[in-house]
Amino acid sequence: MTPLSLQQYLAREETLRGLDPQLARVISGISEACKTISSLVRQGALAGVLGLAGSENVQGEEQKKLDIISNDIFVEALVQTGAVCGMVSEEVDHVISVPETEALGPYLVAFDPLDGSSNIDINVSIGSIFGILPADRPKRVAVEADFFKPGRNLKAAGYCMYGPQTQLVLTLGQGVVMFTLDPLTGTFRLTREAVRVEREAKEFAINMSNERFWEKPVQRYIGELLQGKDGVRGKNFNMRWIAAMVAEVHRILQRGGIFMYPRDSRTPDRPGKLRLLYEANPMAMIMENAGGAATNGHERILDITPEKIHERVAVFLGAAEEVERVTAYHLDK
Ligand SMILES: O=P(O)(O)OC[C@H]1O[C@](O)(COP(=O)(O)O)[C@@H](O)[C@@H]1O
Ligand SMILES: [Mg+2]
Ligand SMILES: [Mg+2]
C-alpha cells in the first residue's frame, strides 16, 4: 500500500484529533517551501544558489545566498496560506509582517530557513526548522512581544532535512512522524510513525574544538564520556559532529544520543550559539514528543520565556538520561 501523503495525514489528523484546518494549511505551506528549497539544493551550482550573498544577518553572521533564497521562499509560502499573522526568521532582524493586501490568520511562525549554512557549499546535509505558535491576537499584525511565549505553547514544530533523502519531521504534540519526499512525484509520504529516543545513549555530538571555552559542568560531563570504559561511566561513547543541528537531531531520533551546544566564554554576553525561537524550541518539542529531553543546562528549554526574538540559548537535547545527567552537573549535583 502507498504510504499516506502529508496532505492525507493532515486530513486524518483533522478528522481524528480535531487538528485546526488553518494549522494544517500552515504546515502544508511550509512543506511546499521545503520542496522548493530541496529542489534548489539538489541543483546546487547549476541553480546558482551556492556561495556568499555578500551581506550579514542581524547576528553578525555572513549570509549565504541560500540563506536568503530559503528565507524568501518560506515567507512567500506562509503568506500564501492566509493563516499567519507574523513570522520570525533567523535572516531578518524584525518581525516579518504579512503584506496589507493579504489575509491575516491566527498563527505565528518562527523559522530557521536554512540550518547548517557552513555545509551548503560542500554538499553536506542541511535543513530548515520551524515552530508554530497560536497568536494571542489572531488576525492582528504581529509584534515582537507576541512571540515572547515559552515553547510549551507551540502547536506544532518540525524540520526538513535535505540529505541523501529529503525528509520532513513533524510533531503536533502527540508523538513524532517522518515523511520522505518522493522525488518522482514531489509528494511527502509518511515513512515513520511513533519515533522514540531511548533514555540511554552511547553517542554524543558537540563541537570539541571549543572545549577550553566551556563551563566546568560541561568539561566534567564530556571528560567522563571520553574516559569511556576506564572512567566513572564504565562504557565507551562514540562521537559525531555534522555541524548542522537538523542532521544531529535526525540521527538522534533514529539511533539515539545527545547533542550539545553549550554556552562558552568566547562570547560571555551570549548564553549559547543556537537561537531559542527557531532552533532550540522546535527541536525541544520534537525531542520531548519522542520521549527525549531538552534543557539549557538549568531548566527545560520549553519553559523559557523569550525576551528577544533572536535570543540565544545553550542546548542539551536527546536521550533523557544523558540530558538529566549533564543538567544535574550544572545544578552542582
Ligand atoms: O560552526 P559550529 O560550531 O560547528 O556550529 C554548528 C552549529 O551551528 C549551526 O549551523 C547554526 O545554524 P545556522 O547555520 O542556521 O546559523 C547549527 O546547525 C550547528 O549545530
Ligand atoms: Mg540554524
Ligand atoms: Mg540558518
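Predicted model: local features only at pLDDT ≥ 70, side-chain atom pairs only at ≥ 80, totals over all residues.
Residues are numbered from 1 along each chain as its sequence is written, and chains are lettered from A and ligands numbered from 1 in the order in which they are written.

The chain is divided into domain 1 (6-192) and domain 2 (203-330), with bounds that come from an automatic or database domain assignment. The centres of the two domains, taken over C-alpha atoms, are separated by 23 Å. In all, 36 residues of domain 1 are in contact with 29 residues of domain 2, where contact is defined by C-beta atoms, placed from the backbone, that lie within 7 Å. On the side of domain 1 that touches domain 2, the elements giving two or more residues are β4 (107-115), β5 (126-134), β6 (156-162) and β7. Such elements are DSSP runs numbered from the N terminus: helices (H or I) of at least four residues and strands (E) of at least two. The largest share of this side, 5 residues, comes from β5. Its residues divide into 18 nonpolar, 13 polar and 5 charged; Ala, Val, Leu, Ile, Met, Phe, Trp, Tyr, Cys and Pro count as nonpolar, Asp, Glu, Lys and Arg as charged, and the others, Gly among them, as polar.

The largest nonpolar core has 107 residues, and V26, V84, V109, I132, M283 and L317 have the most contacts inside it. Because domain 1 (6-192) and domain 2 (203-330) both give residues to this core, it lies between them. A nonpolar core is here a set of buried Ala, Val, Leu, Ile, Met, Phe, Trp, Tyr and Cys residues joined through C-beta atoms within 7 Å. A residue is buried if 20 or more other C-beta atoms lie within 10 Å of its own, exposed if 12 or fewer, and partly exposed in between, with C-beta atoms placed from the backbone. In soluble globular proteins, nonpolar side chains tend to be buried together. Apart from residues up to four places away in sequence, M283 touches I129, M245, V249, A294 and L317.

Strand β7 (residues 166-171) pairs with β8 in the antiparallel sense over 5 bridges; two strands pair if DSSP finds at least two bridges between them. L168 stands opposite F179 in β8. The hairpin of β7 and β8 has 4 residues between the strands, and G173 in this hairpin takes a positive phi near 95 degrees. Strand β9 (residues 187-192) also runs antiparallel to β8, joined to it by 5 bridges, and T187 in β9 is the bridge partner of D182. In the hairpin of β8 and β9, with 4 residues between the strands, G186 has a positive phi near 70 degrees.

An open sheet of 5 strands has the order β11-β10-β12-β16-β14 and mixed pairing. β11 (238-239) and β14 (293-295) stand at the edges, each with a single partner strand, so one side of each is left without a neighbour in the sheet. β14 is joined by 3 bridges to the antiparallel strand β16 (residues 315-318), in which F316 stands opposite T295.

Helix α5 (residues 245-255) is largely enclosed by the rest of the structure, because 8 of its 11 residues are buried. These are M245, V246, A247, E248, V249, H250, I252 and L253. G256 follows α5 and has a positive phi near 85 degrees.

G292 lies between α6 (276-289) and β14 and counts as buried, with 31 C-beta neighbours inside 10 Å. Leaving aside neighbours within four places in sequence, G292 is in contact with V197, M287, L317, G318, A319 and A320. N123, in the loop between β4 and β5, is exposed, with 11 other C-beta atoms within 10 Å. Phi of N123 is near 60 degrees, a positive value in a residue other than glycine. A243 is in the loop between β11 and α5 and is partly exposed, with 16 C-beta neighbours inside 10 Å. Phi of A243 is also positive, near 65 degrees.

A243 belongs to the residues surrounding ligand 1, together with E90, D112, D115, G116, S117, S118, N207, A244, M245, Y261 and K273. A residue is near the ligand if its C-beta atom, placed from the backbone, lies within 6 Å of it. The shell divides into 4 nonpolar, 4 polar and 4 charged residues, and draws at least three residues from each of domain 1 (6-192) and domain 2 (203-330).

Technical notes:
Contact = placed C-beta atoms within 7 Å.
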